[in-house]
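Reader: I am new to reading structures, and I would like to understand the words used for them. Could you take me through a few, step by step?

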Amino acid sequence: MSFNVEQKENTMVVSITGELDDHVAKGLREKLDFFLLRKEIINLVFDLSELTFMDSAGIGLLIGRYKQVKERGGKSVVVIGTSHSKRILKMSGVLNIFLEAQSITDAFEIVGVTSLA
């Protein structure tokens with residue numbers, strides 16, 4: 001499992017590759033919460049297009065960060081790759097609260113990021 005966290009304008013972009021389980025979610029949660037201390041972060045994009053597995057800890061991670069962004073009046077978007085990931089996110093209710101994008105470019109359009117570089 002690997003992940004990358006970066007800021008694009010007022011948006012935190014989290015790209016996750018591989019598995020998102022309890023062990024990984026703990027470390028990632030700390031990093032994301034530290035990133036969210038920045039007051040200029042309004043929106044959140046999770047790029048899960050390369051995700052192969054996610055358990056309940058991963059779902060909890062997504063929902064917890066969604067709540068933080070919602071309090072700021074921001075948008076939360078998830079980019080979904082495989083049908084397996086989409087099924088898990090749909091069954092867990094994540095897709096009821098997150099906006100869904102087909103690509104990272106679409107996600108940036110949804111949140112209003114203008115610079116793709």
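**From terms to conclusions**

Author: Let us begin with a turn in this predicted model: β1 and β2 form a hairpin with 2 residues between them, and Glu 9 in the turn has a positive phi of about 55 degrees.

Reader: What makes β1 and β2 a pair of strands?

Author: Two strands pair if DSSP finds at least two bridges between them, and β1 and β2 are joined in the antiparallel sense over 7 bridges, so they meet that definition. Within this pairing, Val 5 stands opposite Val 14 in β2.

Reader: How do you know that Asp 47 has no salt bridge?

Author: A salt bridge needs a side-chain nitrogen of Lys or Arg within 4 Å of a carboxyl oxygen of Asp or Glu. For Asp 47, which is buried, the nearest side chain of opposite charge is Lys 8, 11 Å away, and therefore no salt bridge is counted. Asp 47 has its place in strand β3, and, leaving aside neighbours within four places in sequence, Asp 47 is in contact with Val 14, Ser 15, Ile 16, Val 79 and Ile 104.

Reader: Why are the buried residues of α5 said to line one face of the helix?

Author: The buried residues of α5, which spans residues 104–111, are Ala 107, Phe 108 and Val 111. Seen down the axis of α5, they fall within an arc of 100 degrees, so they line one face. In general, an α-helix has 3.6 residues a turn, so residues three or four places apart point the same way. The buried residues of α5 pack against β1, β2, β3, β4 and β5, and α5 is followed by Gly 112, whose phi is positive, near 90 degrees.

How values were computed
Residues numbered from 1 in each chain as written. Predicted model: local features only at pLDDT ≥ 70, side-chain atom pairs only at ≥ 80, totals over all residues. Heavy atoms only, no water. Buried < 20%, exposed > 50% of the residue type's maximum accessible area, 1.4 Å probe, protein only. Helix = DSSP H or I, 4+ residues; strand = E, 2+ residues; numbered from the N terminus. Arc of directions from axis to C-beta. Contact = heavy atoms within 4.5 Å. Lys, Arg positive; Asp, Glu negative; His and termini not counted.
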